[in-house]
Amino acid sequence: MNYWPLLGVMVVVIGFVLRWNPVAVVVAAGLTSGLAAGKPLPDLLALIGESFLSQRSLSLFMLTLPVIGVLEWAGLREQARRFIGGFRGLTLARLLIGYLGLRQLLSMIGLTNVAGHAQTVRPLIAPMSEAAVEKVSGALSRSQRQRVLALAAATDNVGLFFGEDVFIALGAVLLIQGFLAENGLHFEPMQIALWALPTAIAAFAIHAVRIWLFQRRLLAEPASAQETERAAR
């Protein structure tokens, strides 16, 4: 057996440890493994080109970052904070629980890319969460702000992870079906999705309670927390 093609794995490990460009590392690893396996360089370059052309739609996600950057530069985050300030009864818990439910429902029907960290959490949900807290407790300290942002990101993760398994055409459901079939258990995708529904409901309830408890603890902290942190610096 020829083990030389495994050199590509070593290239990936070294490249990521040294924090080199991920695209360059992956291409270099592919070329290393291909050359070690005895494939001619022109064939390898042709294979990389064909793979890129066949999967070029996957590169569309790279358009998200510059678009969000332009929107933030134009004041999207400030507008989001001002928008939340106009709702008197809107609290952090109500905002994030509502977003959690919306994220789960959209994921359940396959719209997993409608929201996300880059598209929704950073430009909208995060500043809205900050504004919802500051409207009640005043200015946040740096540690409090980071905890609020982390909770907003976690809410998106929970909504997506436990909502997408209910959609029968998602790869995760098909992966579960294949794994069970290999072990002698044959289920239809619809059956797996239905069994995932109670888990999604439980995840929503548990995380909603976590959000409410977080808000309660945050509001119970001393109002001078930010001054104490500045003094410690």
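The model is predicted.

**Salt bridges**

The count comes to three salt bridges.

| Pair | Closest N and O atoms |
|---|---|
| Glu130 and Arg145 | 2.8 Å |
| Glu134 and Arg145 | 3.1 Å |

Are the two partners buried or exposed? Arg103 is buried, with a relative accessible area of 2%. Asp156 is buried too, at 1%. Both values fall under the 20% cut-off for a buried residue.

Now take the other two bridges. Glu130, Glu134 and Arg145 are linked in a network of salt bridges. Arg145 pairs with Glu130, and Arg145 also pairs with Glu134. Glu134 lies in helix α7 and Arg145 in helix α8, so their bridge ties together parts 11 residues apart in sequence. The bridge of Glu130 and Arg145 also links distant parts of the chain. Here Glu130 is in helix α7, Arg145 is in helix α8, and the two are 15 residues apart. Arg145, at 23% relative accessibility, counts as partly exposed.

Next comes the start of the chain. A nonpolar surface patch covers about 940 Å². Its residues are Tyr3, Leu6, Val9, Met10, Val13, Ile14, Val17, Leu18 and Trp20. One of them, Val9, sits in helix α1 (residues 7-17).

Arg19 lies in the loop between α1 and α2 (22-36). What is the phi of Arg19? The angle is positive, about 60 degrees, although Arg19 is not a glycine. Most residues other than glycine have a negative phi. Arg19 is also exposed, with a relative accessible area of 77%. That value is over the 50% cut-off for an exposed residue.

**The largest pocket**

About 300 Å³ of space lies in the largest pocket. Its lining holds 10 residues. Which lie closest to the centre of the pocket? They are Val23, Val26, Val27, Ile48 and Ser51. By type, the lining of the largest pocket divides into eight nonpolar, two polar and no charged residues.

**The cavity**

There is one cavity of 30 Å³ or more. The volume of the largest cavity is about 40 Å³. Which elements give two or more residues to its lining? These are α7 (117-137) and α10 (189-220). The lining of the largest cavity is made of Thr91, Leu92, Ala132, Val133, Val136, Gln215, Leu218 and Leu219. Six of the lining residues are nonpolar, two are polar and none is charged.

Technical notes. Residues are numbered from 1 along each chain as its sequence is written. This is a predicted model: local features need pLDDT of at least 70, side-chain atom pairs count only at pLDDT 80 or more; totals for chains, interfaces and linings use all residues. Side-chain values use heavy atoms; hydrogens and water are left out. On a 1 Å grid over the protein atoms alone, a cavity is a set of points where a 1.4 Å probe fits but cannot get out, and a pocket is an open set with protein on both sides within 12 Å along at least five of seven lines; lining residues have an atom within 4 Å of a point. Grid points are joined across faces, edges and corners, and a volume is the space filled by probe spheres set on the points. Helices (H or I, at least four residues) and strands (E, at least two) are DSSP runs, numbered from the N terminus. Ala, Val, Leu, Ile, Met, Phe, Trp, Tyr, Cys and Pro count as nonpolar, Asp, Glu, Lys and Arg as charged, and the others, Gly among them, as polar. Patches are made of residues with over 30% relative accessible area and no salt bridge: like charges are joined within 9 Å, nonpolar side chains (Val, Leu, Ile, Met, Phe, Trp, Tyr) within 5 Å. Accessible areas come from the Shrake-Rupley method with a 1.4 Å probe; for residues, only the protein chains shown count as cover. A salt bridge is a side-chain nitrogen of Lys or Arg within 4 Å of a carboxyl oxygen of Asp or Glu. Buried means under 20% relative accessible area, exposed over 50%, partly exposed in between (1.4 Å probe, protein chains only).
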